[in-house]
Amino acid sequence: MSAPSDTLHTELLRCPDCGGPLDINDEGIACTECAARFERTRSGLDLRPSHVQRRDVLITIGQRGADISDILVDQLPVGNGLDIGAEEIFDAGLFHGNRLSPALISHLAVPTGSTVLDLGCGARNVRSLLQPRGIDTVDVDAVGDVPYLVDAHSLPFRESAFDGIITLAVLEHVRSPHQFMAEAFRVLKPGARIVGTSAFLEVFHMDSHFHTTALGLTAALQDAGFEDLVIAPTPNWDIGAILVDMGYLPGSAGPHTRRFARG
Ligand SMILES: [Zn+2]
């Protein structure tokens, strides 16, 4: 795996509280508009909102039933973007669980020199796939040892900052899928794509909130402004595989069992 770069993408940043410019210096990080202050971490910056706040979320109403027959397909077609084989994806640790596939990554159409947001980067495995191809990633997560700690409902990045977004098995963990997608849309350049996976039949795990259906995903994406949607089931990720892979077989001591035993 490539060594992660610790270069800060200061030109892309903005205040997660008010959207204002950030002053980043040796003393710390402060918003020049609302005076909010943020901390450095061992690996980068903690740019989660500085205090509890409420946000309005935009949804569409008044539609008389949705037809997603053009959006939901049985099998994801191969796109015109990155060509990365299954073996390389497996070696990068990105096959198990979140099920990144060659077909999915092929829809990330970003040339060399692009900057991609890995929204919910975990162990930063996507970076190890993209960096050797001359594509920079900005790695963010809500927790962990990552360059940017963020709240996906209020990303600390300016409008049109990214050439693409990849988000693997993250959407089910946020409080509002609609606000998540609205923020993703805001930070993407016009016409750029978001690719990712989201839980559907998976059982409750790691504080997951919303396990989306195709209709739910479509609503969150369309209300955010995304067009040309394609949604497909993840191959070989059926309920049996889920129960085995996630340790939820009856009688097993998987996370689900522990969660309810604790309550
Ligand atoms: Zn501010």
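## Helix 4 and helix 5

Angles between axes under 35 degrees count as roughly parallel, over 145 as roughly antiparallel, 65 to 115 as roughly perpendicular, and the rest as oblique. In this predicted model, the axes of helix 4 and helix 5 cross at roughly 40° and come within 8 Å. Helix 4 and helix 5 are therefore oblique to each other. The crossing in which helix 4 passes helix 5 is right-handed.

Which residues of the two helices meet? Helix 4 contributes Pro177, His178, Met181, Ala182, Ala184 and Phe185, and these meet Gly216, Ala220, Leu221, Asp223 and Ala224 of helix 5. Sorted by class, this contact has 8 nonpolar, 2 polar and 1 charged residues.

## The buried residues of helix 5

Helix 5 covers residues 214–224, and its buried residues are Leu217, Ala219, Ala220, Leu221 and Ala224. An α-helix has 3.6 residues a turn, so residues three or four places apart point the same way. The buried residues of helix 5 pack against helix 4, which spans 177–187. Just after helix 5, Gly225 takes a positive phi of about 115°.

Strand 2 (residues 28–31) pairs with strand 3 (residues 37–40) in the antiparallel sense over 2 bridges, and Ile29 stands opposite Phe38 in strand 3. Strand 2 and strand 3 form a hairpin with 5 residues between them. In the turn of this hairpin, Ala35 has a positive phi of about 70°.

Strand 3 and strand 4 (residues 45–46) also run antiparallel, joined by 2 bridges. Here Arg40 stands opposite Leu45 in strand 4, and a hairpin of 4 residues joins strand 3 to strand 4. In which sense does strand 4 pair with strand 7? Strand 4 and strand 7 (residues 148–149) pair in the parallel sense over 2 bridges. The bridge partner of Asp46 in strand 7 is Leu149.

Terms used: Residues are numbered from 1 along each chain as its sequence is written. This is a predicted model: local features need pLDDT of at least 70, side-chain atom pairs count only at pLDDT 80 or more; totals for chains, interfaces and linings use all residues. A residue is buried if 20 or more other C-beta atoms lie within 10 Å of its own, exposed if 12 or fewer, and partly exposed in between; C-beta atoms are placed from the backbone. Two residues are in contact if their C-beta atoms, placed from the backbone, lie within 7 Å. Two strands pair if DSSP finds at least two bridges between them. Axes are lines fitted to C-alpha atoms, for helices over the stretch in contact, and angles run from 0 to 180 degrees between N-to-C directions. A crossing is left-handed if the near helix is turned anticlockwise from the far one by less than a right angle, and right-handed if clockwise. Ala, Val, Leu, Ile, Met, Phe, Trp, Tyr, Cys and Pro count as nonpolar, Asp, Glu, Lys and Arg as charged, and the others, Gly among them, as polar.
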